[in-house]
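Please go through this structure with me, one question at a time.

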Amino acid sequence: MLRIHFSDADLGRTRLAARPDPLWEIAASLHRLQSRKGAWAFAGWGRMARQRLREKKLDRQVREVLLRLYPRAEYFPDFLTPAGALDGFDAGVEAILATPPRRILQEVTTLDRTVGAPPWVGRLVEPSARRELVGLLRAYHEAVVVPYEEVALAKLEAERAARCRGLLDGGVDGMLSGLGPMMRWRPPVLEVSYPTQAADRDLHLQGRGLTLVPSYFNWAEPVAFADPELPPVLWYSMLHEPPAAGADDPGKPLTALLGRARAVALHAAAAGATTGEIARAAGVSASSASRHASALRDAGLVTTVRHGPAVLHTLTPVGASMLRAATARRRPGPLAPA
């Protein structure tokens with residue numbers, strides 16, 4: 001277990017990332033290629049990824065380089081997922097290139113001691129070797145992560161809407177209390193489930209606050225930097241619900257009643273969704289999404305409020321009851337393409 005200790009100042013400096021972390025999504029997607037856990041949720045992505053890696057002739061490099069650097073184990077080097085990547089892919093790889101050689105040597109030594117490291121890993125202290133690595137990361141990212149960026153962003157925006165609702169209802173306490181089954185808020189400590197083989201540890205924020213980063217490719221346990229001196233960041237999974245046994249279409253009951261696009265819109269509104277988010281989730285134009293939302297509103301299933309330059313659609317009690325009835329019977333997973 002990881003115990004994250006907050007002060008009053010930390011609560012005021014805790015924030016939720018506005019976009020996916022591209023370098024963390026690289027790391028988490030590489031872990032998906034190494035594990036069968038949650039394979040059903042990423043089956044379509046996995047087939048696409050393996051095919052594209054073969055087509056781009058990246059499969060050998062991924063197997064011999066990236067999977068060795070990013071093992072699905074209790075440790076891989078922190079410098080490979082810098083906090084600066086929250087500002088975008090280019091900012092992240094610049095942070096990798098600027099990492100001091102001494103820190104790289106310390107972290108690859110820890111990798112070797114913990115799970116074993118390839119003999120060439122020490123070369124990463126050299127700028128030329130890191131530039132080669134960055135080139136490979138860019139090629140991998142464009143091949144297998146970028147095609148799923150819109151899906152990941154739609155899920156992240158829904159997650160942000162849900163956490164913002166917790167914040168409005170109960171302040172930071174309310175937001176932290178709703179983070180899901182892998183995290184438990186016991187003020188002033190956030191208890192985080194960690195891989196079973198990892199030793200319990202404590203992270204004292206000491207006024208730095210915490211950045212929460214929802215991740216599409218992360219599965220199960222949240223992850224933080226191993227080095228407590230680094231900026232406090234916690235990556236956690238946007239939960240993927242399992243499909244009902246024997247159900248070819250997890251959204252079949254609502255789809256049969258409302259049509260697929262409106263069923264998607266109703267499901268998205270459960271966490272609060274803008275018209276643009278509904279359009280991305282359903283794979284339709286913004287004008288079509290607006291018409292579907294209007295039809296649901298006219299039927300008394302959603303309500304719409306102005307939210308800055310956009311509008312936010314949320315469920316009415318009737319809409320929530322309909323969604324609960326469908327999920328209680330079939331336990332559907334997300335309706336958006338995955």
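This is a predicted model: local features need pLDDT of at least 70, side-chain atom pairs count only at pLDDT 80 or more; totals for chains, interfaces and linings use all residues.

Student: In the open sheet of 4 strands, which strands stand at the edges?
Tutor: The strand order is β3-β4-β1-β5, with mixed pairing. An edge strand here has a single partner, so one of its sides is left without a neighbour in the sheet.

Student: Are the axes of α2 and α7 roughly parallel or roughly perpendicular?
Tutor: Helix α2 (residues 22-32) and helix α7 (residues 127-145) have axes that come within 11 Å and cross at roughly 75°. Angles of 65 to 115 degrees count as roughly perpendicular. The two helices are therefore roughly perpendicular.

Student: How many residues of the contact of α2 with α7 are nonpolar?
Tutor: On the α2 side the contact is made by P22, E25, I26, S29 and L30, and on the α7 side by L137, Y140, H141 and V145. Of these residues, 1 is charged, 2 are polar, and the nonpolar ones number 6.

Student: Which residue is the bridge partner of V213 in β8?
Tutor: Strand β8 (residues 233-237) has 5 of its 5 residues buried. V233, W235 and S237 point one way, and L234 and Y236 the other way. Strand β6 (residues 211-215) pairs with β8 in the parallel sense over 5 bridges. In β8, V213 has as its bridge partner W235.

Technical notes
Residues are numbered from 1 along each chain as its sequence is written. Side-chain values use heavy atoms; hydrogens and water are left out. Two strands pair if DSSP finds at least two bridges between them. Axes are lines fitted to C-alpha atoms, for helices over the stretch in contact, and angles run from 0 to 180 degrees between N-to-C directions. Angles under 35 degrees count as roughly parallel, over 145 as roughly antiparallel, 65 to 115 as roughly perpendicular and the rest as oblique. Contact means heavy atoms within 4.5 Å. Ala, Val, Leu, Ile, Met, Phe, Trp, Tyr, Cys and Pro count as nonpolar, Asp, Glu, Lys and Arg as charged, and the others, Gly among them, as polar. Buried means under 20% relative accessible area, exposed over 50%, partly exposed in between (1.4 Å probe, protein chains only).
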